[in-house]
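This report describes the fold, cores and chain contact of the model shown below.

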Amino acid sequence: MSSKRASMMPPAPKPPTSLSSSLVIAEHASLTGTKLITLGSNTVIHPRSKLSSAYAPITIGNSCIISERSQIGIQNEPDEEEADPVVIEDGVIIEVGAVVEGKRIGEGSVIEVNAKVGRGAVLGKHCKIGPLCEVAEGEVLPDYTVLFGNGMRRIDNSGVEDLKMKMVARQVEVLRKLIPSKIAKFQ
Amino acid sequence: MSSFTPYTYFQCPCTEASLPNHRNPSQEEPSSSDDDRTFDPRAPRANYSLYPLEHLFYCEDCHQIRCPRCVLDEIVTWYCPNCLFEVPSSSVKAEGNRCTRSCFQCPVCIAPLSVSSLEAPPTGLGYEYAPQNGPFVLNCGYCSWSSKETGIEFEKPNGIFAQLARVKNGGEPILTAKERKKDRERKRDFSGTSAEKEREETPEVEIPREPLDPNEKLDPESQFSNLKAFYQGQLAEASPASALGFTGDYGYGSPGALSRIMGLYTGSTAFDKKVKAKAGTMREAQDALEGLQLTTISEEEEALTKLRTEGWHCTSSASQRAEFLNTNAQFITELRPVAYLLRTKRSKRCRTCRHILSKPESKVSTIRFRIRLVALNYIPSISIKPLQPTSSASSLLQPMRPVQFLLTFKNPLFDSVKVTLATPTKTPGRFASKVTVLCPQFEVGANTDAWDEALREGTGEKRRTKAEASEGQHQAEAGKVWERGRNWVSVVVEVVPASLHIGGPEFLKNEEMKDDEGPLKEDEDVCEIPVFVRVEWEADAAHDESGLGGGGSKEKDVREKRELAYWCVLGVGRIAKV
């Protein structure tokens, strides 16, 4: 006796996708919606991460890491005009449980655990949104901004971005070995 | 309004001079003074003697409750909370109470800093074993601050404290105190008098260093060491050592000088002339070598231009400056990593008999205690809950409407105890609620093994359980225990909350109300009941006192009667404002 009850509903239609061949996407990742989802090369999509293109297309660059239970894409219906597409540039790490609805997430940014990036927000390059921090809707953060603690922010001048990007690449290499990829399921 | 959790506080007898069990009955009139001594939880002093049971100790020698105020602390070990390294107390005295290894806190956000290499990590076969090579920096994982921002890099990944002490923000080396001393001496010799000394020094191989700049910018530590050296020199000159090695009688800090200072206002003029003569020989620090830091206009202007160009965000916040090292840091770039403050493990002793009440294991990594005489193991705990569960949204007490509360006494002792409760009929304060304990005297069973009890139950011991209580008796009955368990007893307290109405007919007001008719003060609407608890039990005769006496074998069977009496305060709820 199977403990799982199969849904009587027909499966939701797959969203149109444009997937790179070197993408690592877990079988249990969820891609929903009706608009185009573009995933770049060497990007890792963890199991149970949710990408929803119901209201706006999603574009994710190369060498990104999208962790489990993170939610990418506009989550609920936009008020009037069409919502801005969600663009995530290269080398971005989205941690567990983060919600990203921003218009543009700059290269090398890190969205920490359970952080939120509001609709239409623009993050510059190498930004870091600390755990549980929130970026308001439509906010524009300059490059190298670090959000941490209780709404505190600073500009990071440590100049170790190249090193961080290298570390992301290595992390991707490790995850590639750990996460079996099932691109075919989503094409 | 926030929800209210009922609480019980116990009064430590240490603050009360007129302690109930210390009182001398012969001196007092029996009736009236008893009422006067009702403990008033609203008195300003009461705050200092009321503690939750968990915060109290119990001294087995004095048979008394001990609070954090009547124990002595002794430091068992010093340790770093970050690396858990146990620091010997000698090095705490010598090097200060900060971790001198590599434990640092971020100056921006206080998160722990980690050491990382600026080089790309080695790759290829066996890269796990390849050593990282420097330069190394301190990195904050939380706000991503890095010591590179302030221009500090390290050669080695360990011993950061020592490395940091040698480098300024920006990477310039700091002269150590020792080097400074040498320089000072050299300077004195150059400027000074003895040509012989100069000749003596010249053959020494010295590192060629440009002479110290009298206007150089000092960091706080070297400024302090310079100042200290300067004034010590001044003091030594002012009070030249006599032939015997003692300083002159009128030196600064000598007993004579102290008594003179003490006599300043009483007008003893005997020493005045000498003082004036001496004062002439002292001078103040004049330059950086002597620890004087002048603020120059150019510095201020620099700061201003920096503020103008980089804005508010480049300045440090008050909390960041509050750290000892960063007191003078105006800008973020001047902040330095903060070494971790050491923590201590302490043992506690009773102030009166010096008996150890609590002693932690001295090893840092264990959290066990060798000795722990906490009150929780000696006196019955009291918990409060309303008898009729109020499902309504307002948990407030309705004025003038009787409410019943269940007080549950739980006995931690292995002997059964007799408990006697006493409350004033009206709570102290302006709004006097009426209080009645329905069963002021009862016995609480011993804290025996739960299995023993279960077996005994089988033999048919009569015990009133909740089920029985609900069968027969819905109403709390005076003089009867509400519910009883193995080592706990619940009794009912009835409270008639006072009305928080300030104005009103004169005959309804009590004394305090007549004195003060101001508006409702903070927390005055909380109904607090002072309860005097007297606990009596028969314990095995203590080994330390009676056991030492002559007839040892006979006294083994003797049961000793013990009693303990103390005030408690029960906070039952807030009274609704109508």
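Chain A contains two helices and 21 strands; helices (H or I, at least four residues) and strands (E, at least two) are DSSP runs, numbered from the N terminus. The radius of gyration of chain A is 16 Å, close to the 16 Å that the globule rule gives for 187 residues, so chain A is as compact as a globular protein of that length. That radius is taken over C-alpha atoms, and the globule rule is 2.2 Å times the number of residues to the power 0.38.

The model is predicted: local features need pLDDT of at least 70 and side-chain atom pairs count only at pLDDT 80 or more, whereas totals for chains, interfaces and linings use all residues. Residues are numbered from 1 along each chain as its sequence is written, while chains are lettered from A and ligands numbered from 1 in the order in which they are written.

**Sheet of chain A**

Eight strands of chain A form an open sheet with mixed pairing, in the order β2-β5-β8-β11-β14-β17-β20-β21. Two strands pair if DSSP finds at least two bridges between them. Because β2 and β21 of chain A stand at the edges, each with a single partner strand, one side of each is left without a neighbour in the sheet. Strands β20 and β21 of chain A pair in the antiparallel sense over four bridges, and A:Leu147 has A:Arg153 in β21(A) as its bridge partner.

| Strand of chain A | Residues |
|---|---|
| β2 | residues 24–25 |
| β20 | residues 145–148 |
| β21 | residues 152–155 |

**Nonpolar cores**

Of the 187 residues of chain A, 42% count as buried, that is, with 20 or more other C-beta atoms within 10 Å of their own; exposed residues have 12 or fewer, and partly exposed ones lie in between, with C-beta atoms placed from the backbone. A nonpolar core is a set of buried Ala, Val, Leu, Ile, Met, Phe, Trp, Tyr and Cys residues joined through C-beta atoms within 7 Å. The largest has 73 residues, and A:Ile111 and A:Val117 are among those with the most contacts inside it. Strand β9 of chain B (residues 136–140) gives the most to this core, with four residues. Apart from it lies another core of 50 residues, including B:Cys67 and B:Cys439.

**Contact between the chains**

Eleven residues of chain B are in contact with 14 residues of chain A, contact meaning C-beta atoms, placed from the backbone, within 7 Å.

Note on methods. Two residues are in contact if their C-beta atoms, placed from the backbone, lie within 7 Å.
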